[in-house]
Amino acid sequence: MSKLTLRASKGLLILALASLFSGCAVTRAIDTTEQLSQQGQGEAAIENLQAAKKNNPEDLRLDSAMYKQVGNLVARYQREADEALAAGDETTALERLNTVLKYDNGNMRARQTIDQLDSQRHLKALLADAKKLADSKPEEALKLIQQVLEERPSWSDAIQIRDSVMRRIAESNTLSPTLDSSLKKPVSLTFRSHNLMSIFDTISRLAGVNFVFDAEVPKGATASISATRTTAEDAINLLLATNQLRKKVLNHNTLLIYPARANKDREYRDMAVKTFFLSHANAKSVSAAMKSMIKVRDVHVDERINAIVLRDAPETLELASRLVQALDRPEFQLAFDVRRNHQHQFGF
């Protein structure tokens with residue numbers, strides 16, 4: 001046998017032995033992976049395969065084993081995340097879901113669940129802030145709660161806090177409504193023979209106060225006022241005194257303006273005032289429904305907090321309350337039963 005032939009034979013033998021040893025190593029790696037997987041060490045099993053893959057990059061058996069182990073691990077962590085969410089353990093759920101994405105970056109279910117949890121954390125933070133403001137600044141608290149309910153309309157905790165805050169505001173407005181402190185800040189006004197409604201509009205923009213006018217307040221009346229560094233409240237009182245008008249406080253930033261006559265005093269003394277804070281329906285739309293369906297007398301819409309201030313007889317306010325209950329629902333509910341409710345509840 002020539003030296004060349006002998007050298008070639010030795011090379012083939014070495015390749016064969018290397019292939020044999022490599023095959024044995026891959027088999028051992030796969031066996032070890034199965035053992036780790038059965039012991040519940042899914043991540044260690046994958047790491048073992050990754051190490052074997054570096055030494056045997058072309059071995060398809062490792063690819064097949066990796067696919068299987070990753071699938072098992074993802075399914076397991078997805079299941080554990082679901083169980084954690086059912087138990088209210090969001091921290092564990094997030095840990096499991098992030099591990100799912102570590103091994104399966106394109107897993108849309110895990111990504112969507114993480115996004116939902118992030119949104120829930122944001123909403124919980126808003127609700128916590130609303131709770132802190134409920135006693136000192138109930139209307140600001142109500143705005144935060146409305147943001148929460150826009151995202152999660154059926155969240156019972158938010159609904160419960162909203163109802164509590166609304167009752168607190170309504171009781172405050174009904175029992176002893178007082179004007180906001182912003183009416184105490186200094187203003188300067190100079191108008192000569194100017195439209196009265198325009199003057200009130202200027203004060204409204206300067207002080208953030210809303211005016212509701214009795215139908216008998218003359219819209220074309222003119223007035224004059226010259227006041228330097230007075231308060232918005234004093235300017236209002238001066239306008240009222242010089243134009244035979246009176247005011248009634250409806251809530252902290254809303255005044256009813258009416259002619260200074262005894263019959264009007266009696267009328268407004270006997271009328272009740274109620275504020276409706278809406279969660280789903282648009283305040284303007286509900287106001288229009290009130291005017292057409294139950295013929296309310298004075299209704300004011302506060303778009304900033306999506307609320308309606310209504311002044312009328314107590315029995316009319318009761319009808320208005322029932323109408324609000326029927327209309328202030330998510331759109332999908334209204335589509336099914338608003339007609340039935342108003343037929344049944346109001347007898348129109």
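Q: In this predicted model, in which hand does α4 pass α5?

A: Two packed helices are described by the angle between their axes and the distance between the axes. Here helix α4 (residues 90-103) packs against helix α5 (residues 108-133) at an angle of about 150°, and their axes are 9 Å apart. The crossing of α4 with α5 is left-handed.

Q: Which residues in α4 and α5 meet?

A: From α4 come Glu90, Leu94, Leu97, Asn98, Val100 and Leu101; they meet Ala110, Arg111, Thr113, Ile114, Leu117, Gln120, Arg121 and Lys124 of α5. Sorted by class, this contact holds 7 nonpolar, 3 polar and 4 charged residues.

Q: How many contacts beyond four places in sequence does the model have for residues 1-22, where pLDDT stays under 50?

A: For residues 1-22 there are 2 such contacts. Residues 332-348 also stay under 50 in pLDDT, and for them the model has 21 contacts beyond four places in sequence.

Q: What of the protein as a whole: how many helices and strands are there?

A: The protein has 13 helices and 8 strands. Its 348 residues include 41% that count as buried. Of the contacts between residues at least 6 apart in sequence, 60% join residues at least 24 apart.

Methods:
Residues numbered from 1 in each chain as written. Predicted model: local features only at pLDDT ≥ 70, side-chain atom pairs only at ≥ 80, totals over all residues. Heavy atoms only, no water. pLDDT = per-residue confidence, 0-100. Contact = heavy atoms within 4.5 Å. Axes fitted to C-alpha atoms, helices over the stretch in contact; angles between N-to-C directions. Helix = DSSP H or I, 4+ residues; strand = E, 2+ residues; numbered from the N terminus. Left-handed = near helix turned anticlockwise from the far one by under 90°. Nonpolar A, V, L, I, M, F, W, Y, C, P; charged D, E, K, R; others polar. Buried < 20%, exposed > 50% of the residue type's maximum accessible area, 1.4 Å probe, protein only.
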